[in-house]
Amino acid sequence: MFGRRRGMETGGSAASHTAATLTLPPTARLLSCRVLDTVHQPVRQAKFEVTDPIGRRVVSGETDPYGGFNAAVPEGEYRLSVTAEGYAPFHGATLVGDPAQHGTAEIVLDAVEPPRLPAPGHWEIDPTHSSIAFTARHIGFARIHGRFTTFAGGVRIAERMEDSSMRVIIDAGSIDTGLRMRDDHLRSADFLDAARHPTVEFYSERFIHRGGSRWAVAGALTLHGVSRSVTLDTQYMGTGTGLQGEPRAVCRATTALNREDFALNWQSVLAQGVAAIGASVEVELDVQIVHKA
């Protein structure tokens, strides 16, 4: 069934008999698979994507608690990709509807070592190689992209990573969406009120390992004079060395904020009853930190 895989196909398992009872449309065929680790334990919530020969996505999703998934697709040739945190990705070809293929295919994923954690000590954010960006909805379906151009901060890496802490201070007036009139409005009392609340601050003392290179960094975000609990979904990318030989570490983080939670309540409603600006704001950080002696 697959052009590249590890493991065997199983034609007589209870799972395959259950799948065989599914009622499919006349033109549909069943793509059935289990994703396992190297000791044949199921890999739960592995992400899979099935695409056609020219790369168009046909179906995607996550594996169930037994590491399995079933997808009804038209007969034909497909590409299958499977990814899971802490494992090497799988990419292979499959021919769905081939009468010579029976049962449920098994894909075995190889574990990979997570990147080495940064050394304990004080690390500073390098703003010239970092970014703090955001995306907001406009008129219901369009998106506005922006960023803050001035910020600073640091991370104290503890002997035990979970005991680490970080602080970031952002200049609220440095907001930049590429349009001066809009940026002036965002700095005004209608939104950030940068004259009264010149900084946005995030502080955390909770680093929670979620497996592999994934971490949750939980802390307090103070925005527009209001503090709320926020968790950054963080992927640690590893360490490297800069041009001057300085140790560096890299991470990417995302979170979603509701601006109304921070008393950013200004709104204008269009004639169709659609809000000009949505309440949800997606935040994305790309951060490089530099070790300081």
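User: Are Phe 134 and Phe 148 buried or exposed?
Analyst: Both are buried. That means under 20% relative accessible area; exposed means over 50%, and partly exposed lies in between (1.4 Å probe, protein chains only). This is a predicted model, where local features need pLDDT of at least 70, side-chain atom pairs count only at pLDDT 80 or more, and totals for chains, interfaces and linings use all residues. Residues are numbered from 1 along each chain as its sequence is written, and side-chain values use heavy atoms, with hydrogens and water left out.

User: How many aromatic pairs does the structure hold?
Analyst: Two. Rings of Phe, Tyr and Trp (its six-membered ring) pair if their centres lie within 6.5 Å; planes under 30 degrees apart count as stacked, over 60 as edge-to-face, and the rest as tilted.

User: Why is the pair of Phe 48 and Phe 69 called stacked?
Analyst: The centres are 3.8 Å apart, with 10° between the planes. The distance is within the pairing limit and the angle is under the stacking cut-off, so the pair is stacked. Both residues are buried.

User: What makes this pair a tie between parts of the chain?
Analyst: Phe 48 lies in strand β2 (residues 47-51) and Phe 69 in strand β4, so the pair joins parts that are 21 residues apart in sequence. Strands (E, at least two residues) and helices (H or I, at least four) are DSSP runs, numbered from the N terminus.

User: Why is the pair of Phe 134 and Phe 148 called tilted?
Analyst: The ring centres are 5.7 Å apart and the planes stand at 50°. Phe 134 is in strand β9 (residues 131-138) and Phe 148 in strand β10 (residues 142-148), 14 residues apart.

User: What makes Arg 56 and Asp 52 a salt bridge?
Analyst: The definition asks for a side-chain nitrogen of Lys or Arg within 4 Å of a carboxyl oxygen of Asp or Glu. Here the closest N and O atoms are 2.6 Å apart. The pair therefore qualifies. The structure holds 14 salt bridges.

User: What are the values for Asp 193 and Arg 196?
Analyst: The side chains meet at 3.5 Å, N to O, in a salt bridge. Asp 193 has 8% relative accessibility, so it counts as buried. Arg 196 has 63%, so it counts as exposed.

User: Why are Asp 286 and Arg 252 called a salt bridge?
Analyst: The N to O distance is 3.3 Å. That is within the limit, so the pair qualifies. The pair links distant parts of the chain: Asp 286 is in strand β18 (residues 277-292) and Arg 252 in strand β17 (residues 247-258), 34 residues apart.

User: Why are Asp 286 and Arg 252 called partly exposed?
Analyst: Asp 286 is at 27%, so it falls in the middle class. Arg 252, at 45%, belongs there too.

User: Which residues do salt bridges with shared partners join into one network?
Analyst: Asp 126, Glu 246 and Arg 248.

User: What makes β5 and β6 a pair of strands?
Analyst: Two strands pair if DSSP finds at least two bridges between them. Strand β5 (residues 76-83) and β6 have seven bridges, in the antiparallel sense. They therefore meet the definition. Gly 76 stands opposite Val 96 in β6. The two strands form a hairpin with six residues between them, and Gly 86 in the turn has a positive phi of about 90°.

User: Which residues lie on the covered face of β6?
Analyst: Phe 90, Gly 92, Thr 94 and Val 96. His 91, Ala 93 and Leu 95 lie on the uncovered face. In a regular strand the side chains alternate between the two faces of the sheet.

User: What is the strand order in the open sheet of three strands?
Analyst: β4-β1-β7, with mixed pairing. The edge strands are β4 (68-74) and β7 (105-108), since each pairs on one side only. Strand β1 (residues 28-36) and β4 pair in the antiparallel sense over seven bridges.

User: How many helices and strands does the protein have?
Analyst: Two helices and 18 strands. Buried residues make up 38% of the 293 residues.
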